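Biologist: Let us work through this structure one question at a time. Please close each answer with the value or name requested.

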Amino acid sequence: LKLQDLLFSVNSAPRTTSYYLLLAACTMYSEEDVEYGNDWEEQQSNPCRKAMCALVLMLLGMIAFPVALVCLGMTEHQAVCEERDIYFAEKNAQPVECTGGLASQGKYVFFSCPVDAASLATIGPTDFGLAALAGKLNTSTVVLSQSVSMYQCEEVEHTETRKVNGRDETRKTYTYQMVWSDHPLNPGAFKMPSAYVDYHCPGAKDYQSNPPWPAGLPTGTQLRYSANVRLGSFVLEDALTQRGFTPDMPMDLTPFLANFPASPPERVPQSLAPGDLAPTGVPGELGSCTDARLGCIRVKYAQSSATAASVAASIKPFPSGPYGVTAPMTTSQTWGCPSGLRSDIQPGLMTLPEMVEKMLAEDREEIFITRLVCILLAWLALFCFMQPCLVGADLIGDVLDYIPICGAELEDIVETLALSVVCCCSCTTGLLASLIVIGVVWIVMRPVFGICLLLAAAALFVVGLVIRNHMIEMSSRKGQERDGGPRYSPIWDEDPRYNPILDRGPRYSPSPSRMAQ
């Protein structure tokens, strides 16, 4: 049990025998934790365990590195094909007026028109299965969403394994917190004593569990769309409507205030009735309580803020009326990208170039996030692959730790240096490999951009070689200066014209350390 929390809950009570028993139990619990922590540290300092973990991570890195590069290549291929389809719309779509639906049949057109309010369906709570609000909240809109949640006590199970007398014992513990949930939580009784649960979830002791979900109240979030939405003389297919209009704005409840009580009833209903919900003051929200407490209900409504849309699509005849209905257009096949079906929609009034720029910005943002994740995954895979190096440095640091006075400092220096080197090597190698993959994909699809990326990768590789050679040369010079000999140079050692030491009569004999170098 979380005895510390129980102790805190009775701390203000008179000092009874139970208080001191709890205090003693808390002390025993802490001592066992300390003992368990020491065992855990001994297991982690085991060199065999460290080596096994390093080998496992190395194998994972060997698998994850090519997977990351393949995902990166597929992402770049998708980016190229997506941009091709967007530019296809810019080149081939014919801008037309909002009244040209009948004349545009069989063509690939672009139009930007306001939504015809007469084509919108009336949507209300009964469409979501909430019969208690029948006729109280009906509105004509493109899309309406309903989100239902209940304030409940969440029980989270934790499992921990510890050694007791040389054997592993598994123990389950539970923690509690108040959350808004869109479905019933923990329908059974709580596992912990009611006093402990009530300390974290006030009011839970009155139920011994969460209050039952009210009858007649649907769960989760639901969306309802109007069918055959018209933009001028064009009718949107349902799939295009769902892509272009999202419930991003809370519903204005002001016209419906007369249908509800002035304030929430402040009770936990067992079965939802017409008077159990009222506006809470939050835009688009109905609730059974003003302040959140166990069992309170919250229902939120939202609709789309867009009152117009811009569309690029093919037009086909509508079954009834002088309208044209949108349909996907077949894109042409190009090098590396197959043909496909495409229709585009953006909320708001705009020109075709503005729509293309907006779609490109959205696509590039999504591709950038995916690309960044793949590059970081490649870096992490190489870092895991180099884990044996870090384990070796860790073992050397453990040996250095036995040196009196300065052992701990030397251990920190060795481990920090090894970590820095591994991070730099994995980062540069992962970035280099990612640039090569991106460049190879783009050189097939877009040669100019791909060549620039490959040149950048080559420049990064050359910079790495120059830094490496410079570090080797500096290390060699410092070593020779420390031994008192001449600086290292192959020509200096072999040609008397460049080495005056070789012309001083007897042949120069290098020192043993010089010969070893």
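**Surface, pairs and pocket**

Biologist: What is the relative accessible area of Leu372?

Modeller: Leu372 is partly exposed, a class lying between buried (under 20% relative accessible area) and exposed (over 50%), with a 1.4 Å probe and protein chains only. This is a predicted model, in which local features need pLDDT of at least 70 and side-chain atom pairs count only at pLDDT 80 or more, while totals for chains, interfaces and linings use all residues. Residues are numbered from 1 along each chain as its sequence is written, and side-chain values use heavy atoms, with hydrogens and water left out. For Leu372 the relative accessible area is 40%.

Biologist: What is the area of the nonpolar surface patch that includes Leu372?

Modeller: Leu372 is found in helix 6 (residues 352-385); helices (H or I, at least four residues) and strands (E, at least two) are DSSP runs numbered from the N terminus. A patch takes residues with over 30% relative accessible area and no salt bridge, joining like charges within 9 Å and nonpolar side chains (Val, Leu, Ile, Met, Phe, Trp, Tyr) within 5 Å. Areas come from the Shrake-Rupley method with a 1.4 Å probe; for residues, only the protein chains shown count as cover. Phe368, Ile369, Leu372, Val373, Leu376 and Trp379 together make a patch of about 560 Å².

Biologist: Which residue meets Arg371 in a salt bridge?

Modeller: A salt bridge places a side-chain nitrogen of Lys or Arg within 4 Å of a carboxyl oxygen of Asp or Glu, and the pair in question has an N to O distance of 2.5 Å. Arg371 lies in helix 6 and its partner in helix 3 (residues 47-92), so the pair ties together parts that are 295 residues apart in sequence. Arg371 is partly exposed at 21%. The partner, buried at 0% relative accessibility, is Glu76.

Biologist: How many salt bridges does the structure hold?

Modeller: One of them joins Arg342 and Asp344 at 3.0 Å, N to O, and both of these residues are buried. Lys50, Asp394 and Asp398 are linked in a network. The total number of salt bridges is 13.

Biologist: Which element gives the most to the lining of the largest pocket?

Modeller: On a 1 Å grid over the protein atoms alone, a pocket is an open set of points where a 1.4 Å probe fits, with protein on both sides within 12 Å along at least five of seven lines, and lining residues have an atom within 4 Å of a point. The lining has 15 residues, with Cys424, Cys425, Thr428, Thr429 and Gly464 nearest the centre. The elements giving two or more residues to it are helix 8 (407-445) and helix 9 (447-483). With 8 residues, the greatest contribution comes from helix 9.

Biologist: What is the phi of Asn228?

Modeller: Asn228 lies in the loop between strand 7 (220-225) and strand 8, and is partly exposed at 39% relative accessibility. Its phi is positive in a residue other than glycine, near 55 degrees.
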